[in-house]
Amino acid sequence: MNGKIITIAHQKGGVGKSTIALNLAVELNKKYNLKVIDLDYQKSITIFNETRKEKKLKPLNIIHIENQKELIDVLKNNNEMILIDSGGFDSDLNRIAIIGADLVITPVSNNLIEIYGLEAFKKILQELKEIEAEIKSHILLNNIDPKATKALKELKKYIQKNKEYFSLFDTVLRRRSDFAKSFEKGKNVIEMDKKSKASKELKNLVKEIKSILK
Ligand SMILES: Nc1ncnc2c1ncn2[C@@H]1O[C@H](COP(=O)(O)OP(=O)(O)OP(=O)(O)O)[C@@H](O)[C@H]1O
Ligand SMILES: [Mg+2]
């Protein structure tokens, strides 16, 4: 995993990018020398880290980026591991974060309207493909109703039809109160309760990421 760059990206707001980023960051920061880049205007992961410092929990190493050149330099000179939380909008910085990534994670929930959001994201990926041939995003189902057993047929069909741009994580993150609370608590779900269902899902996600990036 050394030298790997993971970017959580979707121009659609409120899909869970920051929630997933901060949960993953705490986990990866246990084993790797992780750098975190916060491109979200809301600065969720930066605020989360302030809470961690107040609570004397192991802080994340957040790198502050002022402009495109700085971001490109940090990504180019990476020999550790970088996790980027991008903002829910399209921007040059977010696009650089997608191009520079070894793994792009795009959270999506179970809702037909999500396909329209993905279609807009695909347009961004299509434009980036003209610069970088290897552009693909791994879709992560997030915030899924725990009772929903129905296969996410339409979404899966869409991903299958667009497999040049998208693939799907086996891991599914369901709607869990621990995920919703992690930001304000300054803890990831495993720090809150290592035996919870949310923790199991997060561990599965880390495992799957490792197998993709190995
Ligand atoms: N798996 C989940 N279970 C419960 N709540 C969740 C889950 N994922 C996200 N949420 C909640 O959904 C809301 C939006 O999440 P978040 O801020 O992470 O989205 P985002 O994609 O980073 O948004 P933005 O694009 O505005 O940066 C938050 O209130 C968060 O707590
Ligand atoms: Mg966010």
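Which residue of β3 does Lys35 stand opposite? In the predicted model described here, Lys35 stands opposite Asn61 in β3. Residues are numbered from 1 along each chain as its sequence is written, and chains are lettered from A and ligands numbered from 1 in the order in which they are written. Because the model is predicted, local features need pLDDT of at least 70 and side-chain atom pairs count only at pLDDT 80 or more, whereas totals for chains, interfaces and linings use all residues.

The protein contains nine helices and seven strands, where helices (H or I, at least four residues) and strands (E, at least two) are DSSP runs numbered from the N terminus. A compact globule of 214 residues would have a radius of gyration near 17 Å, and the value of 16 Å for the protein agrees with this; the radius is taken over C-alpha atoms, and the globule rule is 2.2 Å times the number of residues to the power 0.38. The C-alpha trace spans about 45 × 45 × 30 Å along its principal axes. Of the 214 residues, 38% count as buried. A residue is buried if 20 or more other C-beta atoms lie within 10 Å of its own, exposed if 12 or fewer, and partly exposed in between, with C-beta atoms placed from the backbone.

Strand β2 (residues 34–38) is joined to strand β3 (residues 61–63) by three bridges, and the two run parallel. Two strands are taken to pair if DSSP finds at least two bridges between them. From β2 the chain crosses through helix α2 (residues 44–54) to β3, and this β-α-β crossover is right-handed; that is, with the strands pointing away from the viewer, the path from the first strand over the helix to the second runs clockwise. Five bridges join β2 to strand β4 (residues 81–85), also in the parallel sense, and Leu34 stands opposite Met81 in β4. Four of the five residues of β2 are buried, so this strand is largely enclosed by the rest of the structure.

Strand β1 (residues 4–8) is likewise largely enclosed, because five of its five residues are buried. In a regular strand the side chains alternate between the two faces of the sheet. Both faces of β1 are covered, with Lys4, Ile6 and Ile8 buried on one side and Ile5 and Thr7 buried on the other. Five bridges join β1 to β4, and these strands run parallel; Ile8 stands opposite Asp85 in β4. A parallel pairing over three bridges links β1 to strand β5 (residues 103–108), in which Val104 stands opposite Thr7.

Ligand 1 is surrounded by 19 residues, the closest being Gly16, Lys17, Ser18, Thr19 and Gly88; a residue is near a molecule if its C-beta atom, placed from the backbone, lies within 6 Å of it. The shell divides into four nonpolar, eleven polar and four charged residues, where Ala, Val, Leu, Ile, Met, Phe, Trp, Tyr, Cys and Pro count as nonpolar, Asp, Glu, Lys and Arg as charged, and the others, Gly among them, as polar. At least two residues of the shell come from each of α1 (17–31), β6 and α7 (177–185), and α1 gives the most, with three residues.

The 15 residues of α1 should span 21 Å at 1.5 Å a residue, and the distance of 22 Å between its end C-alpha atoms agrees; the expected span is 1.5 Å times one less than the number of residues. Since 13 of the 15 residues of α1 are buried, this helix is largely enclosed by the rest of the structure. Lys17, found in α1, is buried with 28 other C-beta atoms within 10 Å.

Most residues other than glycine have a negative phi. Lys43 has a positive phi of about 55 degrees although it is not a glycine, and its place is in the loop between β2 and α2. With 16 C-beta neighbours inside 10 Å, Lys43 counts as partly exposed. Asn143, in strand β6 (residues 137–144), has a positive phi near 65 degrees. Asn143 counts as buried, with 21 C-beta neighbours inside 10 Å.

Glu164 lies in the loop between α6 (153–161) and β7 (166–174) and counts as exposed, with 12 C-beta neighbours inside 10 Å. The C-alpha atoms of Glu164 and Glu134, 30 residues apart along the chain, are separated by 9.6 Å.
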